[in-house]
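Q: Hi! Could we go through this one together? I'd like to start with the inside and then look at some strands.

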Amino acid sequence: MGLCWNVLLLLALHLGILSNGLSASASSSSFSRPKVVNVGAIFTLDSTIGRVAKIAIEEAVNDVNSNSSVLNGTKLVVDIRNSNCSGFLGLVEALRFMETDVMAVIGPQSSVVAHTILHVANELQTPFLSFAATDPTLSSLQFPYFLRTTQSDLHQMTAIAELVDHYNWKDVIVIFIDDDYGRNGLSSLDDALSSRRCRVSYKAGVPPGDITRSDIMDILVKVALMESRVIVLHAYPHVGSVVFDVAHYLGMMDEGYVWIATDWLSSVLDSSPPHFSEAITASTQGVLVLRQHTPDSEKKREFLTRWNKLTKGSLGLSTYALYAYDTVWLLAHAIDSFINQGGIISFSNDSSLLNSLQESNLNLAAMSIFDGGPLLMKNILESDFVGLTGPVKFTPEKSLVFPSYEIVNIIGTGLHRVGYWSNYSGLSVVAPEILYSQGPPNRSSANQLLNGVVWPGETTRAPRGWVFPNNGKQLKIGVPRRVSYREFVSQVSGANTSKGFCIDVFTSAVNLLPYAVPYQFVPFGNGVENPSYDELVKLITTGYFDGVVGDIAIVTNRTKVVDFTQPYAASGLVVVAPVKKLNTGAWAFLRPFSRQMWGVSAAFFVFIGIVVWTLEHRTNDEFRGPPKQQLITILWFSLSTLFFAHRETTVSTLGRLVLIIWLFVVLIINSSYTASLTSILTVQQLYSPIKGIETLREGNDPIGFQVGSFAEHYLREGIGIPQSRLVPLGGPEAYAEALQLGPEKGGVAAVVDERPYIELFLASQCKFRIIGQEFTKSGWGFAFPRDSPLAIDLSTAILTLSENGDLQRIHDKWLTMSTCSSDNTELESDRLHLKSFWGLYLLCGIACFIALLIYVFQIFHRFRHAATEDYSPDGGPSGGGSRSKRLQTLLSLIDEKKDLSKRDRKRRKIEKENDLEMDSKRIHSQVCSSENNSFNLRS
């Protein structure tokens, strides 16, 4: 068997399968541990990141080779090549590496170069590990042999979006380098802002390559004319420095501006010598900068000490240097695992490449596929250790775990940390690694905290983030050209302006803003009829109007397309209809109760009389006698309880119980009847057959509405009233005429409109009243485009007008009401209905039922006792024992007078003796008085 393997090995060597790029040590025995492993590195040596990365990589290689626990005697060699920020040179160097026996490549540094050369990695199965290519589109799906060992710009742009949202800014201007790095970063920022209802309002691209100060000035002049003052700068260090220098020259670093720089600026400041950093910070005061966060550790502090000794203060330590250092260790751990798993460092020719180049003079046949690439890539992705940057571990999406950034503020010559961002907890003032150990994060807005910031212009107050463009353009404010109710808004004849309640509220609110608002009113409508307010609002979405001011109701279909200010007037749909006075008449005393109430009350009076007679008949002489007399007694007793004038006394306990409860019911009924009748006879009564919107919906009468109002849409779509029943009316005069005519003469039964209009209408029309409740709740506001900051500031101004009383004074100026218009009492029937008293009747009925049940039980108990005594001793019934006899016995028991008990007879006897004694005393007193009178006469 061993002989076969030797023959195969010699044959393979003869065919040259292992000849391309194999080291001598590796080819002699594929099963022995190699003495050297080769790794390539491609980045721009003379760049901000490249200068520190070269030192960090060299130090990492020294540390790996001096550590016996990694690679176990195998020497790691890194061949560093310069791409000079050129995609072409980067591709050339990558192809040169493919001719050698490199197992992996560290780099490229530039995202643009990465897009060029990673296709080579895919073809030849060589892993590329970049510590600086942050372009989020360098995905693992498109480039399976590419791994980013630093944070992606996807997380950085999310951090910027949350920062913008934290300060309630809505529009952002982005100045970006116009290549793959800049465009793809901008795209990620745009997506992150959109998810938070923010947007990139202007994109200023800077051409890559050589660019002059004049070119930058032209770009910034255009930016200065924009509305937004929040500017994000995503560029390369040499371009970004010029942008800030020119912005400082143009006064764009003054108060009101917000500048946010991506981590290119923090890498420059961290790695530059002190004198160079001071030159940069002089033109970047107040700028917010993002920096990749690396947790503090003892290992990191020791490396910083070594770094300062190596560079002697000429270079600072940036986070990219730390990621470059950890990338070398990542490869070392992965290669060590690869070798320990029996991986062979072998290369083979690409057959597809050879076939395509048979007739070509290009010497690309020397390039070979790394056979162990898939296994090495697998080991890299499974690596898990703690480096200078913290945990080095990858997610299933091939991204580093725990992405986080520091948010720093440039103040003076230093950087002041404002807070942190992580995809775990969002914005916070606590380091992310501390929050990881505190359980699930709280991402509510109240917990998104940052420390104070010194903004451009040396102010600590957060800028508003926008101004009106300084281009001489005024805001076009649409105003409805109303034909009716001109008190709310109307055009001033002979002038290009408007007046009215709504206009005064708007101008007063604008005057309270801390900045000037250039605007002009543009009337909308033909002047013949009121315009459609829905069409007016839609013109905001098309850009024809910058806002709409007027009596604009805030309703659902409008809020879906525009933003409204705080309501400055309460509104809602109401029903107005004709009313007539209701005369009292001779039968007014019947009106307090409804027919049903009268019927149930009369029935209960009779029922109570029957119940009390039943309970008292056997024990009370006053409820006995001939049938006619007993019937009269029942009726008299029941009706006399209405006035508490019943003379008959109740003897039985059950009868007294029923009577007490009934008298309580009568007391409540009497009191309610008296109060209602008093109101009917003393207060003016108004009547309308319409009781509210429900009456209109259930009927078939025509309904009026104001032209242009949303009432038509609500009645048709919200309530379901057919269009054929809806009658458009122009104004208050048309309202009055249609209501007076009524549905029989071609008018309307009622008018449905918003309360402010109806209140103004009723100020001069006292024959009509608001019927029922307000059945929608809304308000009037000013409309602006979605996410307009002016809508927010005007809302604050409207609240101020309301609090200081100016809003009420404007209302009183334009909408003074007369006495009759303020009488908006809802018309409801004054009658008392059964539903208000059914509980009392139920209580009384239950008492009667229980008393009758007990009474029937007592009668049947006596009946059974009497029936037993009627049987003869021989077992046969005495006297026949027929059914008629039993019925006669039962009726006689019900009708007979109950014998008094001994106690009752004794009480009656004592009462009789007391009465006789009192009579005797009275007679004796009279006799004595007569004798005295006779004696006096004789004397």
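Q: Which residues lie nearest the centre of the second largest cavity?
A: Tyr533, Gly708, Ser709, Glu754 and Tyr757, from a lining of 13 residues. A cavity here is a set of points on a 1 Å grid over the protein atoms alone where a 1.4 Å probe fits but cannot get out, and lining residues have an atom within 4 Å of a point. Keep in mind that this is a predicted model: local features need pLDDT of at least 70, side-chain atom pairs count only at pLDDT 80 or more, and totals for chains, interfaces and linings use all residues. Residues are numbered from 1 along each chain as its sequence is written, and side-chain values use heavy atoms, with hydrogens and water left out.

Q: And what classes are in that lining?
A: Five nonpolar, four polar and four charged residues, with Gly counted as polar and Tyr as nonpolar.

Q: New topic: is strand β15 mostly covered or uncovered?
A: Mostly covered: seven of the eight residues in β15 (residues 404–411) are buried, meaning under 20% relative accessible area with a 1.4 Å probe, protein chains only. Strands are DSSP runs of E, at least two residues, numbered from the N terminus.

Q: Which residue in β15 is the bridge partner of arginine 291?
A: Glutamate 406. Strand β10 (residues 288–292) pairs antiparallel with β15 over five bridges; pairing takes at least two DSSP bridges.

Q: How many bridges join β15 to β16?
A: Eight, also antiparallel, with β16 covering residues 414–422. Isoleucine 410 stands opposite leucine 415 there.

Q: What about glycine 412 in that hairpin?
A: Glycine 412 has a positive phi near 65°, and the hairpin has two residues between its strands.

Note on methods. On a 1 Å grid over the protein atoms alone, a cavity is a set of points where a 1.4 Å probe fits but cannot get out, and a pocket is an open set with protein on both sides within 12 Å along at least five of seven lines; lining residues have an atom within 4 Å of a point. Buried means under 20% relative accessible area, exposed over 50%, partly exposed in between (1.4 Å probe, protein chains only). Helices (H or I, at least four residues) and strands (E, at least two) are DSSP runs, numbered from the N terminus.
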